[in-house]
Amino acid sequence: MAVRLFEGKDHAAAYLQYRITPHEIVSTVMKYMKKKTPNQFDLAVDVGCGSGQGTIPLAPFFTKVVGTDVSPAQLEMALTNSNPPNVSYRQCPAEELPFAPGEVDLVTAMTAAHWFDSQKFLLEADRVLRPGGCLALLSYTMDMELEYGDISNTLNDICKEFYAALLPFRDPHIGLSSMKIYSDMFDSCEYLDKEWNECVWVKRIMPLTGYIGMVETFSSYEILRIKDPAEAERLSNDIRSKLLSAMKVSSPDTEVTVVVKYFYLLARKP
């Protein structure tokens, strides 16, 4: 069964502001496509596109890119981007895509597929993909790390406190890690030509506020915020204060390197 989250306007705005764009993984997807199915780059569909972080990077490679999402608030944020002319958005469930059979060259879902009804989505992706079309599903683990001078380990101990406090608020659908959902989808995908990679490190330099903001976009934090706004704010402030103290700085705009562990599934339809 599909799970609907990320639909509040404030949450959608934070998603647009703080979620990172995985250019490195998009590059990997395009290399895979060029190797497996050259000269077939007419239509890409980014399912569960949110505010468009993974949709727009596909624009240089395809004649047309369509981002789809079930959430009107997320799509409203996506439309505030500087979208290239070949990018558009449609509101629909991941399991009911508004495309004809065999119309799509690439179906992607970036940090979204764990909320879908997995089996229905795989059937729908198979329906809309042309023969030789590709499926690319990617996400990352919650346990991001920080690098800062020679105190990275100290900072990451504080980060672990953050994640541990949010653990009771994780949706039971995804459990301790969403990676299991993706590996199960890989196993159940009937395409013989497929790849699985469970460890790709992506690094981004950003202000400490950016890291805190990114964690605050997680579904577990949003569930806590809805349940107890004061406690959610207290937790964020406490973690921010501890990190600043360990860094011996006063400005939350001090830059750190955020290290994110991505994983992905790539598959080619026969």
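A disulfide here is a pair of cysteine sulfur atoms within 2.5 Å. With that cut-off in hand, a search of the whole structure, which is a predicted model, turns up zero disulfides. A couple of the cysteines are worth a walk-through.

Take C49, which sits in the loop between strand 1 and strand 2 (64–69). Its closest cysteine sulfur belongs to C92 and lies 8.9 Å away, so the two are too far apart for a bond. Leaving aside residues up to four places away in sequence, C49 touches T55, G67, T68, D69, L75 and Y89.

C92, for its part, is found in the loop between strand 3 (87–91) and strand 4. C92 is buried too, at a relative accessible area of 8%. Setting aside residues up to four places away in sequence, the contacts of C92 are T68, D69, V70, L97 and P98. T68 and D69 therefore turn up on both lists, touching C49 as well as C92, with contact meaning heavy atoms within 4.5 Å. As for D69, its C-alpha is 5.7 Å from that of C92, although 23 residues separate the pair in sequence.

Then there is C189, which is likewise in no disulfide; the nearest cysteine sulfur, that of C134, is 11 Å away. C189 has a relative accessible area of 7%, so it is buried. Between C49 and C189 there are 21 Å from C-alpha to C-alpha, and the two are 140 residues apart along the chain.

On to how the helices pack. Helix 4 (residues 118–128) meets helix 6 (residues 179–188) at an angle of about 50 degrees, and their axes are 11 Å apart. Angles under 35 degrees count as roughly parallel and those from 65 to 115 as roughly perpendicular, and helix 4 and helix 6 are therefore oblique to each other. Their crossing is right-handed. On the helix 4 side the contact involves S118, Q119, F121 and L122, and on the helix 6 side I181, M185 and S188. Sorted by class, this contact of helix 4 with helix 6 has four nonpolar residues, three polar ones and no charged ones.

Helix 5 (residues 152–166) and helix 7 have axes that come within 12 Å and cross at roughly 20 degrees. With the cut-off for roughly parallel set at under 35 degrees, helix 5 and helix 7 are therefore roughly parallel to each other. Helix 5 passes helix 7 in a right-handed crossing. C159, F162, Y163 and L166 from helix 5 make the contact with Y211, I212 and V215 from helix 7. By class, seven nonpolar residues take part in the contact of helix 5 with helix 7, with no polar and no charged residues.

Helix 7 (residues 208–216) has seven of its nine residues buried, so it is largely enclosed by the rest of the structure. The buried ones are L208, G210, Y211, I212, G213, M214 and V215. Y211, I212 and V215 among them are the residues that helix 7 brings to its contact with helix 5.

Finally, a look at some backbone angles. N39 has a positive phi, near 65 degrees, in a residue other than glycine. N39 belongs to the loop between helix 2 (23–36) and strand 1 (43–47), and with 71% relative accessibility N39 counts as exposed. T111 is not a glycine either, yet its phi is positive, at about 60 degrees. The position of T111 is in the loop between strand 4 (104–110) and helix 4. Whereas N39 is exposed, T111 counts as buried, with a relative accessibility of 14%.

Conventions:
Residues are numbered from 1 along each chain as its sequence is written. This is a predicted model: local features need pLDDT of at least 70, side-chain atom pairs count only at pLDDT 80 or more; totals for chains, interfaces and linings use all residues. Side-chain values use heavy atoms; hydrogens and water are left out. Axes are lines fitted to C-alpha atoms, for helices over the stretch in contact, and angles run from 0 to 180 degrees between N-to-C directions. Helices (H or I, at least four residues) and strands (E, at least two) are DSSP runs, numbered from the N terminus. Angles under 35 degrees count as roughly parallel, over 145 as roughly antiparallel, 65 to 115 as roughly perpendicular and the rest as oblique. A crossing is left-handed if the near helix is turned anticlockwise from the far one by less than a right angle, and right-handed if clockwise. Ala, Val, Leu, Ile, Met, Phe, Trp, Tyr, Cys and Pro count as nonpolar, Asp, Glu, Lys and Arg as charged, and the others, Gly among them, as polar. Buried means under 20% relative accessible area, exposed over 50%, partly exposed in between (1.4 Å probe, protein chains only).
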